[in-house]
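Please read the following report with the sequence and the 3D structure side by side, and look up each residue as it is mentioned.

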Amino acid sequence: IQQNVTKGIELLTRAAKNDYQISQTYIGYFYYFGIYIPQDINKGIHYFLKSAKGFNGQKVSFIVGNIYLKGQYVPRDVDKAIHYYKESSCFNNQYAKNNLGMIYKKGFGKPKSVANSIVYFQEAIQQKNDPVAMYNLAHAYFYNEDLNIDFQTIINLLVNSYYNNFAYSILLLLLVLIKKN
């Protein structure tokens with residue numbers, strides 16, 4: 001079969017306009033990144049948002065959350081990022097949970113809440129055994145001494161994170177071991 005990108009885009013666009021969510025996701029990618037068609041950020045986000053309302057919502061909501069958090073081609077809007085990350089988090093997306101944890105840990109223009117960040121990191125660990133969440137949780141424990149977390153808990157998190165292929169954990173582990181001694 002001969003490839004016909006123009007016809008493919010036409011059919012995907014027609015399906016997307018008829019609320020076929022996978023087509024909305026693909027057309028959103030194509031417009032957002034300028035793949036096969038001229039880049040149009042607004043159309044890309046439009047199709048992402050339409051797609052996010054359906055079964056594909058977990059992944060697309062996460063992407064839209066990233067777009068708003070980074071201010072990537074749109075004005076940065078942390079409230080919108082939180083909204084879309086929470087939508088994605090409802091589907092147990094550990095990456096969304098990690099990003100929510102980081103927003104609450106660092107603030108990003110919003111009030112910081114280490115307690116909220118810990119909740120999201122713990123959920124990502126419980127649901128997906130996420131090594132990045134293990135690192136982030138250990139980091140939150142280590143640098144917030146008022147939480148009174150013992151060193152062994154922090155060490156266990158970092159060792160598990162490292163064994164799950166998150167190499168940066170070893171650096172924080174070394175700092176923890178130096179401070180412990």
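## Aromatic pairs

There are 16 aromatic pairs in this predicted model, where rings of Phe, Tyr and Trp (its six-membered ring) count as a pair if their centres lie within 6.5 Å, and where planes under 30 degrees apart are called stacked, over 60 edge-to-face and the rest tilted. One of them is the stacked pair of Tyr-29 and Phe-33, with 6.2 Å from centre to centre and 20° between the planes. Both residues, Tyr-29 and Phe-33, belong to helix 2 (residues 21-33), where they stand four residues apart, about one turn of the helix; helices here are DSSP runs (H or I, at least four residues), numbered from the N terminus. Tyr-29 is partly exposed at 29% relative accessibility, and Phe-33 is partly exposed as well, with a relative accessible area of 47%; buried means under 20% relative accessible area, exposed means over 50%, and partly exposed lies in between (1.4 Å probe, protein chains only).

Another aromatic pair, formed by Phe-62 and Tyr-85, is tilted, with 5.7 Å between the centres and 45° between the planes. Phe-62 lies in helix 4 (residues 57-70) and Tyr-85 in helix 5 (residues 78-89), so this pair ties together parts that are 23 residues apart in sequence. Phe-62 is buried, with a relative accessible area of 17%, and Tyr-85 is buried with a value of 0%. Ring pairs also link Tyr-29, Tyr-32, Phe-33, Phe-48 and Tyr-73 into a cluster.

The model is a prediction, so local features need pLDDT of at least 70 and side-chain atom pairs count only at pLDDT 80 or more, whereas totals for chains, interfaces and linings use all residues. Residues are numbered from 1 along each chain as its sequence is written, and side-chain values use heavy atoms, with hydrogens and water left out.

## Nonpolar cores

In soluble globular proteins, nonpolar side chains tend to be buried together. A nonpolar core is a set of buried Ala, Val, Leu, Ile, Met, Phe, Trp, Tyr and Cys residues joined through side-chain atoms within 4.5 Å. The largest nonpolar core of this model has 23 residues, and those with the most contacts inside it are Ile-45, Phe-48, Ile-67, Tyr-68 and Tyr-85. Helix 3 (41-52), helix 4, helix 5 and helix 6 (94-106) each supply at least two residues of this core, and helix 4 gives the most, with seven residues. If residues up to four places away in sequence are not counted, Ile-45 touches Tyr-32, Ile-67, Tyr-68 and Val-74, a contact being heavy atoms within 4.5 Å. Apart from this core lies another one of 21 residues, including Met-102, Ala-124, Ala-140 and Phe-142.

Two of the residues just named also take part in other contacts. The face of Phe-142 has Lys-179 over it, at 5.3 Å from the ring centre; a charge sits over a ring if NZ of Lys or CZ of Arg is within 6 Å of the ring centre and within 35 degrees of the ring normal. The backbone oxygen of Ala-140 is reached by the side chain of Asn-144 at 2.7 Å. Asn-144 itself lies in the loop between helix 8 (131-142) and helix 9 (151-163), and Asn-144 counts as buried at 19% relative accessibility.

## Salt bridges

Side chains of opposite charge can pair when their charged atoms come close. A salt bridge is a side-chain nitrogen of Lys or Arg within 4 Å of a carboxyl oxygen of Asp or Glu, and the count by this rule is five. Among them are the following.

| Salt bridge | N to O distance |
|---|---|
| Lys-7 and Glu-10 | 3.7 Å |
| Glu-10 and Arg-14 | 3.0 Å |
| Lys-97 and Glu-123 | 2.8 Å |

Lys-97 lies in helix 6 and Glu-123 in helix 7, so their pair ties together parts that are 26 residues apart in sequence. Lys-97 is buried at 3% relative accessibility, whereas Glu-123 is partly exposed with a relative accessible area of 25%. Salt bridges that share partners join Lys-7, Glu-10 and Arg-14 into one network. Within helix 1 (residues 5-17), Lys-7 and Glu-10 are three residues apart, which is about one helical turn, and Glu-10 and Arg-14, four residues apart in helix 1, are also separated by about one helical turn.

Note on methods
A polar contact is a pair of N or O atoms within 3.5 Å; within protein, one must be able to donate a hydrogen and the other to accept it, and residues adjacent in sequence count only if both atoms are side-chain atoms.
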